[in-house]
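Dear colleague,

Please find below the structure that I am handing over to you, together with an account of what was found in it.

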Amino acid sequence: MNIRKPRLIIKIWFFLFIFWGIYTPVANIIGPEITAISFVLFDFILLLLAIITRINLFYLLETSKIFFLMIAIFLASIYVGFRSSLSGNDTRLFQNLQIELQIVFFFLILVLMYYRFGFTKFDILKLFLDVAFFQSVVSIFMLLSPALHNIALNLYYAGRPENVFINAKRIYGFSSEYTFTTPIVNGILGVISVFLTIKKSKFFLIYLLPILLLVLLNGRTGLVIFFVGTMIVIIKNSKNIFRLCILLVISILGIGFSFYSLSILSPDTFTWIISFFDDTSNLLNGNLTGNYAELGMQYPFQNLLFGYGFRIYDLNSIVSNITILTRSDIGYANDLFLGGVVYIVLLYIPILLYVYNSDKQDNNFKRSGISLFFVIAMLIADYKGEAMRNGNLLLMVVTLAMLIRIPKNMKLEEQTYGKL
């Protein structure tokens with residue numbers, strides 16, 4: 001196989017592909033159907049390049065276990081679509097299966113970068129950080145310029161009624177899922193920068209502050225994800241107590257400096273972020289305030305096993321004579337109402353096991369805690385919103401797990417399994 005060091009133009013092309021895959025900035029404007037068609041088109045182009053390059057895709061699909069994960073997601077989607085149709089509700093089959101197109105998109109990107117263009121796994125992670133760094137620079141310019149901020153607002157609302165409260169505090173950068181997925185994805189990338197600082201070079205600390213500021217500009221859950229992930233990665237990878245303490249101090253100072261910068265650049269956003277800590281304190285004291293009061297946790301007790309075939313995120317869209325006390329953002333609640341415990345087992349367990357076992361496939365990641373962090377991040381995120389069914393957050397975590405899982409030696413694979 002012809003493997004050579006990636007040139008700048010190749011890095012730029014993959015930078016653009018990764019940016020589109022993570023953020024899909026015009027998705028709200030062009031709609032889900034055209035967004036899906038774009039992924040089909042990109043998948044086809046990347047597949048042709050992989051075939052021309054003679055990459056053994058069948059073997060890689062099997063060894064990375066991504067084929068089996070995609071089957072599990074497909075079966076779970078079919079089940080919940082069938083359950084929804086029985087109750088007369090929207091099957092959402094197209095939306096639930098779009099993640100498959102996106103997984104194929106990133107799978108092809110990863111194998112082409114790794115086997116065709118000579119990127120190492122750490123090089124690929126760095127390119128993901130480059131994407132987040134660029135996003136942070138764009139966000140800072142938007143923070144300083146209301147005219148540029150309007151671009152982000154147009155990408156987010158896409159003609160829908162605007163929320164003045166959100167406009168004053170959030171929505172920065174080029175994305176589509178600003179208020180939920182984007183800050184959590186960026187929080188995960190912040191942890192990746194800490195991980196690479198430990199594993200490779202202190203150079204990766206330069207990504208930390210911009211990414212943390214990017215997290216704070218769009219959502220507070222991303223900060224929780226970053227803090228939890230940083231603790232896991234530092235404790236699991238720093239054998240030297242002194243070095244562990246230094247990294248912890250640097251991370252805490254980074255968070256503190258980001259808060260300080262935000263208090264100067266955007267006082268409204270800073271006040272909104274601080275309110276999260278007040279709401280959390282109230283929660284621990286038994287009082288639901290702020291977003292916690294809006295989450296609305298409840299269970300389909302009368303049909304916990306199979307659910308009812310509808311979500312309780314939007315009560316106006318439900319076809320049922322069942323009385324629902326309140327709507328809910330919580331992923332677990334919505335998925336239990338959709339397909340019950342059966343659906344949770346069919347969907348959650350394959351995804352979480354795939355992600356959790358990924359770091360066992362590569363010595364550079366083994367016992368690093370990175371896969372454990374991905375699992376915890378998904379579980380935390382699913383309390384804030386519907387994270388396990390679709391969306392760029394699930395895609396991001398599965399993509400990083402795929403990256404860790406792809407085998408190193410393609411020569412052996414070609415000799416054993418042949419070429420496409």
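Phe 15 and Phe 19 are 4 residues apart in helix H1 (residues 8-23), so about one helical turn separates them. In this predicted model, their rings form a stacked aromatic pair, 6.5 Å centre to centre with 20° between the planes. Both Phe 15 and Phe 19 are buried.

Phe 17 is buried, with a relative accessible area of 15%, whereas Phe 42 is partly exposed at 23%. Phe 17 and Phe 42 also belong to one aromatic cluster, whose members include Phe 14, Trp 20, Phe 39, Phe 105 and Phe 128. The count of aromatic pairs comes to 31.

Leaving aside neighbours within four places in sequence, Ile 188 is in contact with Ile 225, Phe 373, Phe 374, Ala 377, Leu 393, Val 397 and Leu 400.

Leu 393, Val 397 and Leu 400, which are among these contacts of Ile 188, fall within helix H17 (residues 392-405). Helix H17 has 14 residues and reaches 20 Å from its first C-alpha to its last, close to the 20 Å expected at 1.5 Å a residue. The helix is mostly covered, with 14 of its 14 residues buried. Arg 405, a residue of H17, lies over the face of Tyr 354, at 4.2 Å from the ring centre.

As to charged pairs, a search of the whole structure finds 7 salt bridges. In one of them, Asp 362 pairs with Lys 121, and the closest N and O atoms are 2.8 Å apart. Asp 362 lies in the loop between helix H15 (331-356) and helix H16 (370-384), while Lys 121 lies in helix H6 (residues 121-144), so the pair ties together parts that are 241 residues apart in sequence. Both Asp 362 and Lys 121 are buried.

Glu 386 forms a salt bridge with Arg 311, with 2.6 Å between the closest N and O atoms. Here Glu 386 belongs to the loop between H16 and H17 and Arg 311 to the loop between helix H14 (292-295) and H15, so parts 75 residues apart in sequence are tied together. Glu 386 counts as buried at 14% relative accessibility, and Arg 311 is buried with a relative accessible area of 15%. A network of salt bridges links Arg 311, Asp 335, Glu 386 and Arg 389.

Finally, the side chains of Arg 327 and Asp 329 meet in a salt bridge (2.6 Å, N to O). Arg 327 counts as partly exposed at 27% relative accessibility, whereas Asp 329 is buried, with a relative accessible area of 18%. Arg 327 also lies over the face of Tyr 313, at 4.6 Å from the ring centre.

Yours sincerely

Methods. Residues numbered from 1 in each chain as written. Predicted model: local features only at pLDDT ≥ 70, side-chain atom pairs only at ≥ 80, totals over all residues. Heavy atoms only, no water. Contact = heavy atoms within 4.5 Å. Helix = DSSP H or I, 4+ residues; strand = E, 2+ residues; numbered from the N terminus. Expected span 1.5 Å × (residues − 1). Buried < 20%, exposed > 50% of the residue type's maximum accessible area, 1.4 Å probe, protein only. Salt bridge = Lys/Arg side-chain N within 4 Å of Asp/Glu carboxyl O. Phe/Tyr/Trp six-rings, centres within 6.5 Å; stacked < 30°, edge-to-face > 60°. Lys NZ or Arg CZ within 6 Å of the ring centre and 35° of its normal.
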